[in-house]
Amino acid sequence: MPQMMNRSEPEMIAAILAGEIQLFHELIRPYERSVYIMALSYMKNEADAEDVAQEATVRAFRKLSSFRAESKFSTWLISITLNEARTRLRRQVLVRMESLEQLLDEDTRLSPALLRDWREIPSEAIERDEVRKLIQQAVDQLPDMYREVFLLRDVEEFSINEAAEALKISIPSVKVRLHRARSMLQKQLAPQLRLVNRPPKRKLLPWL
Amino acid sequence: MVIDCKHVWNYISDFIDGALPEETRVTVQKHLDHCEICSAILDSTRNIIILTADDRVFELPVGFSERLHKRIDLEFMRLAP
């Protein structure tokens, strides 16, 4: 049904609400990954994240008539996903309390890992398990409030404004948290990735 | 205007996003031109963002999409008994 593919999101949403519910499959497809990644960032395990992703998607379908055209569907869907994840964590009494320190220190400076030079790590390095694990762990260890901003902006490529809308926080807050998330990742990962990236020792030139 | 390294670190994120006012951007750029430590911080931060954004870092579980759409169909069936 090629004519369906060409419909804009608002047109698709109007059509779904008018009864063409099958179109919801197409509407949701571009955002499946974002929904899962954001669910995973809270739930910490694949099975729960998938469950949250499914429930959030179904909830979005049920609530579609309350969607207001002034926001983007993607940001609306992500707020539903985050709500679903938070509700579930609360239900499981597993909510990891952010320490007071984390919440209060938005003004404090974070010093980066100091290096004299940086040898670019190519994307092929991602093929290596150890590199993927290092990155996943570092992202995982970020405080929730920084991780969600970082994932939306830098991994799922939402704009600053869209991230603010999805998270229901101000644009300056997005910027501050994003900056802190990136700094924390640099501090943690730069020294680790550098070791991984180190070329094999050249025995003939011991002074290097 | 000359700024020290610690100030530059505060601007790194906005610098990467191209979100600094022109005057500040020029000041930061000038600092970066002669400071190898701040340049390395900028390069490593940028590099780490690119690596993290790679689809291979956070992968969808196998069959995720199929199961999601089945769940949607289930919801449709609930609507139309």
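Start by selecting chain B: of its 81 residues, 23% are buried (20 or more other C-beta atoms within 10 Å of a residue's own; exposed means 12 or fewer, partly exposed is in between, and C-beta atoms are placed from the backbone). This is a predicted model, in which local features need pLDDT of at least 70, side-chain atom pairs count only at pLDDT 80 or more, and totals for chains, interfaces and linings use all residues. Residues are numbered from 1 along each chain as its sequence is written, and chains are lettered from A in the order in which they are written.

**Chain B**

Colour by secondary structure. Chain B has four helices and zero strands (DSSP runs numbered from the N terminus: H or I of at least four residues for helices, E of at least two for strands). The order along the sequence is α-α-α-α. The radius of gyration of chain B is 23 Å, well over the 12 Å of the globule rule for 81 residues, so the chain is more spread out than a compact globule (taken over C-alpha atoms; the rule is 2.2 Å times the number of residues to the power 0.38). Its C-alpha trace spans about 70 × 25 × 15 Å along the principal axes.

**Where the chains meet**

Now show both chains. The contact draws 40 residues from chain A and 31 residues from chain B (C-beta atoms, placed from the backbone, within 7 Å). On the chain A side, H11(A) gives the largest share, eight residues. That side divides into 20 nonpolar, eight polar and 12 charged residues (nonpolar: Ala, Val, Leu, Ile, Met, Phe, Trp, Tyr, Cys and Pro; charged: Asp, Glu, Lys and Arg; polar: the others, Gly among them).

**Helix H8 of chain A**

Select 129-140 in chain A, helix H8, one of the elements that touch chain B. H8(A) has 12 residues and reaches 16 Å from first C-alpha to last, close to the 16 Å expected (1.5 Å times one less than the number of residues). Which residues of H8(A) are buried? Val131(A), Leu134(A), Ile135(A) and Val139(A).

**Two domains of chain A**

Finally, colour 2-91 and 100-197 of chain A as domain 1 and domain 2 (bounds from an automatic or database domain assignment). Their C-alpha centres lie 25 Å apart. 11 residues of domain 1 are in contact with 10 residues of domain 2.

Methods: Contact = placed C-beta atoms within 7 Å.
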